[in-house]
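Hello,

Here is the structure I promised to hand over. My notes follow below it.

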Amino acid sequence: MNAGEPAAACCAPGRDGLHAHSAITVPLTVRAVPVMSTDARHGVEQVRVPGQTFEMGDAQGAGRPADGELPVHPVEVAEFAIDSTSVTNADFARFVDDTGYRTEAENFGFSAVFHMALRADESDVVGSPPATPWWLGVRGADWRHPGGGKSSLDGLEDHPVVHVSWNDALAYCQWAGRALPTEAQWECASRGGLHGARYPWGDDLGEQWRCNIWQGTFPTANTEADGWLTTAPVRSYAPNGYGLWQTVGNVWEWCADWWDARYYADSPARDPRGPDRGEVKVLRGGSYLCHDSYCNRYRNSARSSNTPDSSMGNAGFRTVSIPA
Ligand SMILES: [Ca+2]
Ligand SMILES: [Ca+2]
């Protein structure tokens, strides 16, 4: 992997990498106070993150160089309000009911499903990236059918919506009068006021599971010691110091910024908004598939990326307020 390639290969397959007609694998490539939304459309509780200067980046040296978590650098962010949880299936359903919006997974006809989550006929599996065979392109997989055509949202109303692309998340934000967080806002919020910590709660995983990742042998045997094979309800475990739930683990979360591994070396010190252009958008926080054996990206500073039209069963989003 060189600096020009997206960092997400193991975590989330790009749209093209799953296409049935793709002959060659594509290079994958201070406690805040809850505030209620002023827009009744958006039902997710928000919390206020105070304006501050924080140290952005990987203070432990735990990341992969190609992900661009270094150098650690001071970043000043203005106060903002962010969702305390990921947008849920129930939240996204209100948007779709109101607008008739069709997601990109529905328009393309398929999305990326982790092999152990498959609930579809084998004939609906349209492809798989050879480098990451645990990802299946599944016809009929979309936000309403997270495991494929034989799955549903029954019992998953309070789970994060998944199989939404960056473009889908943006469409939701435009409807809700919200925005996607910048990468700097996301990391500042995930840190919860703990300077330089590895996780939202401190530096150690601890004896009790505090996030939804993978336990066991990836990608074939998950002991589910944390309670979940795939997504968990958004208010599982405990919130961080700012009142945010599950920034790390559960699902990756789209951010507004284009991704560039070299960005931290030369980014604005105040409210950075990412490179002006790019090929892939930033994803943050890791997912239920993270395991130290291949992906330790369930950390505050960890970065990943994917193309803005890609969707998968382990990525969703949360939103921020739009500055007046
Ligand atoms: Ca788990
Ligand atoms: Ca998350």
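**Loops and cis peptides**

Pro219 sits in the loop between strand 9 (216-217) and strand 10 (221-222). Strands here are DSSP runs of E, at least two residues long, and helices are runs of H or I, at least four residues long, numbered from the N terminus. The peptide bond from Phe218 to Pro219 is cis, with omega near 5°. Leu70 and Pro71 are also joined by a cis peptide bond, with omega about 0°. Pro71 belongs to the loop between strand 3 and strand 4.

Before you read on: this is a predicted model, where local features need pLDDT of at least 70, side-chain atom pairs count only at pLDDT 80 or more, and totals for chains, interfaces and linings use all residues. Residues are numbered from 1 along each chain as its sequence is written, chains are lettered from A and ligands numbered from 1 in the order in which they are written, and side-chain values use heavy atoms, with hydrogens and water left out.

**Strands**

Strand 3 (residues 52-56) and strand 4 run antiparallel, joined by five bridges. Two strands count as paired if DSSP finds at least two bridges between them. Met56 has His73 as its bridge partner in strand 4. Strand 4 (residues 73-77) covers one face, with His73, Val75 and Val77. Its uncovered face holds Pro74 and Glu76.

An open sheet of three strands has the order 6-8-7, paired antiparallel. Strand 6 (110-114) and strand 7 (125-127) stand at the edges with a single partner strand each, so one side of each lacks a neighbour in the sheet. Five bridges pair strand 6 with strand 8 (residues 135-139). Ser111 stands opposite Val138 in strand 8.

**Calcium site**

Which protein donors hold the calcium ion (ligand 2)? They are Gln246 (O), Thr247 (O), Gly249 (O), Val251 (O) and Glu253 (OE), lying 2.5 to 2.7 Å from the ion. Donors are N, O and S atoms within 2.8 Å of the metal (3.2 Å for Na, K and Ca); water is not among the atoms, so sites may look incomplete. Gln246 is buried at 8% relative accessibility, and Thr247 is buried at 1%. Buried means under 20% relative accessible area, exposed over 50%, partly exposed in between (1.4 Å probe, protein chains only). Gln246 has a positive phi near 50°. Gln246 lies in the loop between strand 10 and strand 11 (252-258).

**Ser165**

Ser165 lies in the loop between strand 8 and helix 3 (166-176). Ser165 is buried, at 0% relative accessibility.

Best wishes
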